[in-house]
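Please open the model in your viewer and keep the sequence panel beside it, so that each selection below can be followed in turn. The tour moves from an interface to single residues, and then to one chain taken as a whole.

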Amino acid sequence: MYEAIAFYLLAAVVAGSAFGCVIATNIVRMALCLLGTLGGVALLYFLMAANFLGVVQLIVYAGGTLIVIVFGVMLTSRAAGVRLRPKRSEALAGTLICIGLLAGLVTLLVRTAWPAAQSEAQAYDVAWLGNELLSTYLVPFEMVSVLLLAVMIGAAFLAQPSGKDKEPEER
Amino acid sequence: MEYGNLLNWVIFSPTIAAAVCLVTPRVRAVKIVAVVATGITFLLSLGLFRHFAWWAHGQDAQATLNVFGAGYGQKLYEVTKLTWITLGQGAGASRIEYFVGLDGLSFPLVVLTTFITFLACLASWNIEHWKISRGARGYFCLFLLLETGMLGVFCALDFFLFYIFWEVMLLPMYFLIGVWGGPRKEYAAIKFFIYTLAGSVLMLIVLLAFYFYAPAGMRTFNLIEMATNAGIQEAYREATFLGWRFAPLMFVLLYIGFAIKVPVFPFHTWLPDAHVEAPTPISMILAGILLKMGAYGLLRISYPILPGAGEWAAYGLAILGLVNIIYGALCAMAQTDFKRLVAYSSISHMGFVLLGIAIMTPAGLQGAMFQVIAHGISSPMCFFLVGVIYDRAHHREINRFGGLWLTMPVYGSLATLGFFASLGLPGLCGFIGEFWVLIATFSAPQWWWAKPFAVIAATGVILTAGYILWMIQRVYLGKQREEYAGFPDSSAREFAVLAPMGVVALLLGILPDQSLFRFMNGTLHQIADLFASHG
Amino acid sequence: MSQLEVLLVIGVLIPLASFVLLAFVGARLGKPAAGWVAVLAIAASTVLATMALLQWHGMTPDQRLAAHSAPLVWAHLGAVPITFGVNLDSLTLIMFFMVTFVSTCIFVFSVGYMAGHSDEIDGVSKFHRFFAYLSLFCFSMLLLVIADSLLLLFIAWELVGLCSYLLIGYYFHKKSASNAAIKAFVTNRVGDFGFIIGLGMVFAYLGDLSLAGAAQAFRDGYAQQSALFTQHLLGVSLATWMGMLLFCGAIGKSAQFPLHVWLPDAMEGPTPVSALIHAATMVAAGVYLTARIFVLLTPEAQLFVAVIGCITLSIAALVAIVQTDIKRVLAYSTISQLGYMILGMGVGAWIAALFHLLTHAFFKALMFLGSGQVIEGCHHEQDMRKMGGLCRKMPVTCWTFLVGVLAIAGAGIPAAHFGLGGYFSKDEILAVAWHRVYGAAHGGHVGTWERGNVGTEPDTRVVLASYAQHDPGEQVVHPGHLNPEPRTLNPLLFWIPVLIAYVTPFYMMRCWWLTFMGRPRDEHVYAHAHESKLMYLPLVVLAAGTLFASYYLFRPMVAAAAPQPFLTWAYDGEAAEAAHAQGALIDHGAHRALVPIVGFAFVAGFLAAWLLYRRGLTLAERLAQTLRPLHTLLVHKFYFDELYGLVLVGGTMLVKAICYAFDKYVIDGLVNLSARVTERVSRFSGVVLDQGAVDGAVNAVGRGTWELGGLVRRPQVGRVRNYILFATGGVAVLVLWLVLA
Amino acid sequence: MLAIGLTHYLVLAAFLFCCGLYVMATKRNAVGILIGAELVLNAAGINLVAFSRYETGLADGQIAALFIIVLAAAEAAIAIAIFVNYYRLLGTIDPDAGDRLRG
């Protein structure tokens with residue numbers, strides 16, 4: 001019962017702020033709406049007993065990614081104020097396609113008979129997750145860490161001033 | 001077989017150095033790394049002397065037996081034998097091996113290679129002043145890789161491995177000529193590449209044929225095994241290939257492959273072009289070492305494995321040797337480009353090697369191998385001598401020089417030494433090889449044609465004197481010319497490159513036995529025994 | 001090594017050390033010092049040579065035999081060891097002494113000569129180089145003398161050739177000098193070509209390159225009638241070929257016909273060099289070689305040697321008559337005298353030829369140094385037509401030169417058994433020739449003596465004689481040359497040398513008279529003429545040697561070393577007695593017969609020269625006018641240079657041009673053609689086949705694709721957003737299709 | 001309706017997904033596209049966790065979601081870096097301006 005109430009509340013928040021993203025024309029507002037969505041999704045994770053994931057969602061997404069996006073907005077701020085509205089034809093086509101897709105998806109989802117849950121909901125604790133991560137999923141874990149390293153270097157490289165101002169590497 | 005790792009260090013320390021060069025920041029540091037690496041490789045290769053302790057043998061037959069073993073391939077030093085690829089399964093499986101080792105045939109060539117490469121590396125020191133001086137790092141990396149390739153060819157005792165090293169050596173050479181060469185470098189590089197590649201394709205065919213024509217269960221790429229296993233020898237003798245007798249056909253294919261490298265008469269035209277366009281140190285290596293691979297291949301692969309075919313072909317091969325001697329000398333006489341002249345003289349000198357090998361007697365093999373080493377010393381010296389004045393005058397027209405001995409007395413004296421060594425003056429290295437080959441040819445009992453051929457080959461002696469002295473007259477003698485009056489004498493670096501070669505040339509000429517013969521005679525006699533025993 | 005051998009080896013190595021020293025620090029030593037270093041070195045060698053000579057003199061035959069030590073193994077040819085050692089006999093010792101002694105004189109002379117001579121070329125001093133080369137030469141020459149192996153001899157042979165090349169080309173800023181140097185080296189190489197093949201034959205048939213071993217094998221081969229003696233090529237036995245080919249080396253080095261052309265040109269070198277190398281020592285090495293290989297020469301080969309010598313001596317003497325350059329006269333006279341020596345070798349006068357070699361070394365060095373003095377004194381004027389009357393300005397040179405002229409002319413008093421060196425040595429050669437032509441045929445073959453008790457020499461190379469080593473009663477094997485029969489020689493080989501014996505005094509007197517006597521013909525030259533003190537000292541020493549040393553020192557030493565069979569053809573005095581003691585054949589008749597034939601040839605020659613030139617050149621020029629064609633022929637030296645230039649040099653140049661053209665256009669052309677063809681084929685297959693047929697089809701497809709692409713391209717607006725929209729649309733369609741399915 | 005099951009979550013995620021797609025397709029601001037992508041990724045995350053919760057009961061879904069979060073962060077960092085360069089190069093943030101590669 002409570003779960004249902006909580007779900008609907010959170011779903012409203014998530015869906016609402018996502019729709020806010022859709023209708024907003026100002027980029028800053030879109031970012032704000034995104035914050036709502038992300039927070040809502042984090043709470044949904046708690047609701048699904050994925051506590052650790054919820055925390056990570058909050059910290060990394062809401063705390064990290066969003067900050068990055070806001071920074072991006074600010075760095076390109078001269079253009080931020082300019083309202084770049086989509087063409088009407090595009091908006092129309094987008095709307096039609098998306099609604100069509102949503103309709104199709106929902107139909108499929110509802111129509112599908114999902115098998116019953118195999119196990120009861122249980123609160124997966126962090127220790128268990130950590131064990132899994134460092135045993136069964138060790139290789140992907142390491143790959144991801146390498147990826148992060150590459151991203152870090154890549155981002156730093158991309159962000160540095162362009163070629164012509166560079167020091168010549170060698171004669 | 002005595003196992004050991006020293007040879008691996010010798011072969012691969014240039015590779016390690018090449019990797020170090022890649023991450024070395026400045027050109028000067030790269031040069032230092034390269035010189036030090038080639039120097040260390042040279043010193044390491046000197047360590048190989050301990051197996052051939054010359055003070056222990058030479059006169060005494062028992063001592064010689066101890067050092068060289070009782071038969072071909074029975075006593076190898078610094079052997080590494082690792083399975084690389086296994087073909088087939090179970091008992092019938094044969095292996096491609098990483099099999100390197102040293103005997104009297106390869107040992108002098110390994111030391112020669114490290115020695116000349118070291119000096120050539122020193123000769124590259126002024127790379128900044130070349131017309132194409134960019135990418136010095138790449139130059140030295142390729143240079144060091146080239147050294148690994150060359151050493152590998154001389155040490156490999158597995159045909160497959162031999163082939164791999166042969167190709168490894170080819171590519172760096174292509175780039176070294178094609179990138180850092182003279183005005184027609186692309187033409188020269190492509191000519192070199194296509195010629196050599198054609199040769200290695202033929203070698204590949206033979207490689208496969210050798211493998212598949214061996215009786216099942218005995219299939220191998222082991223060169224020693226192929227030469228000494230009676231079953232394999234029997235199979236090669238009897239087999240036919242598309243209606244042709246197997247051995248002669250393979251011999252011819254293999255011979256063409258090696259002949260291109262030597263180079264033998266109709267396949268020689270890549271050589272003058274490659275030499276002329278290549279930068280000086282590369283010419284040194286080309287003449288000093290690469291040409292020797294053809295001769296080495298004949299002695300390591302063609303003749304021990306197919307001795308019967310060698311006898312079958314002796315007449316033709318001796319004729320080719322003669323043509324090389326005479327024709328090369330005549331062409332050299334016609335040259336006005338200094339470097340081209342030296343290049344053609346190489347063709348002439350390698351003719352003696354071919355002749356010495358073709359007659360298949362121990363004396364002939366001795367002479368041929370001595371000529372190989374002697375030419376490996378004298379021709380890089382000549383090329384460097386040409387390079388020295390090219391650096392100053394920026395042209396190589398013989399007729400535009402004159403009086404350089406007056407302008408550069410030290411250089412002039414060294415040049416005289418180098419060119420007289422090439423001319424075959426007694427007391428210098430060139431003489432021994434030519435003399436041994438001539439006398440061996442003359443006294444080879446089994447060929448009716450040997451005596452007239454020796455007479456014809458001896459005319460090369462006159463022609464050689466002619467073109468070398470004529471060249472010396474036009475370049476070094478005569479009145480001093482004003483445009484060259486300001487030339488500085490040879491620098492300390494140039495002296496450091498020339499003097500060791502001069503000293504070795506003298507040493508080889510005066511004490512041929514102590515300096516060379518006793519390190520290889522044992523193996524050469526074993527190879528000659530193979531000829532005798534095949535029946 | 002025995003003490004004697006050590007002495008000799010050190011004597012050889014000292015000049016080498018001097019060479020090394022001068023090569024490295026010579027420039028720092030400076031002008032006179034470098035020269036004195038070289039003088040000191042060669043003087044030390046001379047002292048050692050003298051010591052060795054004295055020691056040898058005091059030894060019994062057994063001690064001499066014991067003084068030999070086993071040679072050292074140098075290398076292996078195949079499985080045959082090549083050994084080098086010291087060839088210890090009295091010929092070696094006396095040659096060694098002669099070379100060092102003459103060298104010392106010439107070195108001293110050179111110090112004065114080169115100091116006066118401008119040795120700076122374009123500001124670069126080469127003084128020390130001169131002495132370095134000279135030292136190297138002495139080393140090589142001494143090595144040649146002591147060599148006991150044909151190969152070591154050949155090595156030294158080439159090294160003296162190198163020194164000759166370097167010294168002829170000493171003034172290499174002059175084109176003529178470097179040309180002469182090349183000519184000398186290449187001509188010698190032509191001779192060496194034969195020599196090498198000869199060595200090949202020695203190795204192939206005799207299996208040993210050492211002199212003693214080869215001789216031994218030769219004898220054994222003869223006894224067993226091996227292939228060398230039974231096989232023939234062009235009607236000549238292989239043994240003969242071997243001898244002739246080995247002799248080819250001597251033809252080159254001793255400037256014999258037809259390779260004599262280089263020696264006159266070699267006078268481009270400094271005069272001391274001409275004296276040392278191109279008169280006294282190196283050119284005589286050919287004779288020395290012939291002496292050493294004498295035991296390998298068959299009668300036919302000996303005849304060949306004799307004919308070559310005969311041709312050479314006559315050609316050179318005739319040409320010498322018309323030369324005007326003082327050094328060239330001497331050069332041609334050298335060739336002519338070498339011809340005499342070779343002739344002597346050919347007719348079997350082994351001792352006489354070597355005796356002549358030694359005396360010739362002294363008097364020819366003397367005359368060359370005298371000419372050097374003249375040239376130096378006259379400021380490099382070499383033309384005798386501009387000289388004359390120099391006797392007053394340079395008396396010492398003049399009279400010492402006259403000693404040389406008398407010696408070469410063979411002046412002596414026949415009845416009194418007194419004369420200068422040339423008198424004995426040349427007459428002895430002629431006497432042997434006379435015997436071979438007209439001598440009384442009597443028995444008394446050498447065959448009766450036995451090995452071991454003959455001569456004073458250890459029997460190392462004296463092997464041929466033992467052909468006759470069999471039981472006394474048996475039929476003697478007669479290879480012919482062991483015991484050359486009298487009356488077997490063509491008379492021309494006697495009469496031509498006799499004729500030339502008249503010509504020699506003529507041209508030598510002409511040379512001396514034109515230079516020193518008469519009236520000065522060029523006031524300028526005469527005014528400047530002067531004599532240098534340092535330089536005439538060696539002249540005096542050499543003149544003394546010419547006067548006194550020859551007969552009493554050289555002759556016995558040479559005779560003691562002779563291979564036994566040829567003692568039969570040695571005449572005169574002690575040698576005859578020695579030979580007699582050994583049971584050899586003596587023909588006193590030969591010497592007596594010669595007295596009226598050539599005994600006074602020198603008087604006739606001198607007289608003719610004096611008559612013709614006593615009033616200067618006018619008479620001679622008139623004579624030349626009368627004999628115009630002959631004169632022209634002689635002035636052009638029988639056109640040998642022109643002939644060789646045209647045929648050999650021109651021929652080689654033509655062949656080389658053809659060869660290179662062949663290389664460039666045919667072989668390389670083929671290579672490039674094949675590349676071109678490959679390219680063409682690929683282009684044909686590329687353009688015609690591919691583009692026409694295959695590509696036609698492919699292009700049709702391609703064009704269709706292109707057109708289609710043009711259509712499809714429309715939506716490709718390059719906007720990311722639109723792509724997303726399209727993708728989304730696609731997904732939507734898929735989903736809806738799923739839903740509806 | 002009151003018993004919250006898998007379908008609920010999936011429908012919500014589908015909505016979120018469609019919103020994200022729409023944003024990506026129509027916003028004429030590069031950062032907007034990024035925001036759309038974040039929405040799409042969140043939808044995927046919800047799906048994964050929901051499947052893990054209601055179907056498998058294993059950790060794999062959560063782990064995958066975790067990686068998605070990490071990837072999203074990485075993607076954002078790179079994307080912003082690219083956009084900053086893009087802006088510097090073209091002076092605008094309009095993705096339509098970057099059509100140089102257009103055929």
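Begin by selecting chain C together with chain B, whose contact (heavy atoms within 4.5 Å) takes 54 residues from chain C and 64 residues from chain B. The two chains bury about 5,000 Å² between them, with 73% of it on carbon and sulfur atoms; buried area here is the accessible area (1.4 Å probe) that two parts lose on being put together, summed over both. Now pick out Trp74(C), Phe172(C) and Arg189(C), which supply 14% of the area that chain C buries against chain B, more than any other three residues.

Before going further, please keep in mind that this is a predicted model, in which local features need pLDDT of at least 70 and side-chain atom pairs count only at pLDDT 80 or more, while totals for chains, interfaces and linings use all residues. Residues are numbered from 1 along each chain as its sequence is written, chains are lettered from A and ligands numbered from 1 in the order in which they are written, and side-chain values use heavy atoms, with hydrogens and water left out.

Next, show the side chains of Lys191(B) and Asp668(C), which meet in a salt bridge at 2.6 Å, N to O. The rule, which asks for a side-chain nitrogen of Lys or Arg within 4 Å of a carboxyl oxygen of Asp or Glu, finds one salt bridge across the interface of chain C and chain B.

Stay on chain C and select Tyr665(C), which lies in helix α27 (residues 640-713); helices are DSSP runs of H or I with at least four residues, and strands are runs of E with at least two, numbered from the N terminus. Is Tyr665(C) buried or exposed? Its relative accessible area is 57%, so Tyr665(C) counts as exposed, on a scale where buried means under 20%, exposed over 50%, and partly exposed in between (1.4 Å probe, protein chains only). Tyr665(C) also belongs to a nonpolar surface patch of about 650 Å², made together with Phe662(C), Val666(C), Leu670(C), Leu673(C), Val677(C) and Val681(C).

Not counting residues up to four places away in sequence, Arg340(B) touches Pro272(B), Asp273(B), Val276(B), Gln335(B) and, from chain C, Tyr660(C).

Then move to Leu253(B) in helix α10 (residues 246-261) of chain B, a residue that is buried, with a relative accessible area of 18%. Leaving aside neighbours within four places in sequence, Leu253(B) is in contact with Leu202(B), Ile205(B) and Val206(B). The C-alpha atoms of Leu253(B) and Leu202(B) are separated by 5.7 Å, although the two residues are 51 apart along the chain.

Colour chain C by pLDDT, the predictor's confidence in each residue from 0 to 100: its mean is 78, and 83% of its residues reach 70 or more. Confidence in chain C is lowest in helix α22 (residues 573-581), at a mean of 42, and highest in helix α6 (residues 150-168), at 91. Where pLDDT is low, the predicted coordinates should not be read in detail.

Finally, select chain A, whose secondary structure comes to seven helices and zero strands. Buried residues make up 33% of the 171 residues in chain A.

Terms used:
Patch = residues over 30% accessible without salt bridge, like charges linked within 9 Å, V, L, I, M, F, W, Y side chains within 5 Å. Areas by Shrake-Rupley, 256 points an atom, 1.4 Å probe, with all protein chains shown as cover.
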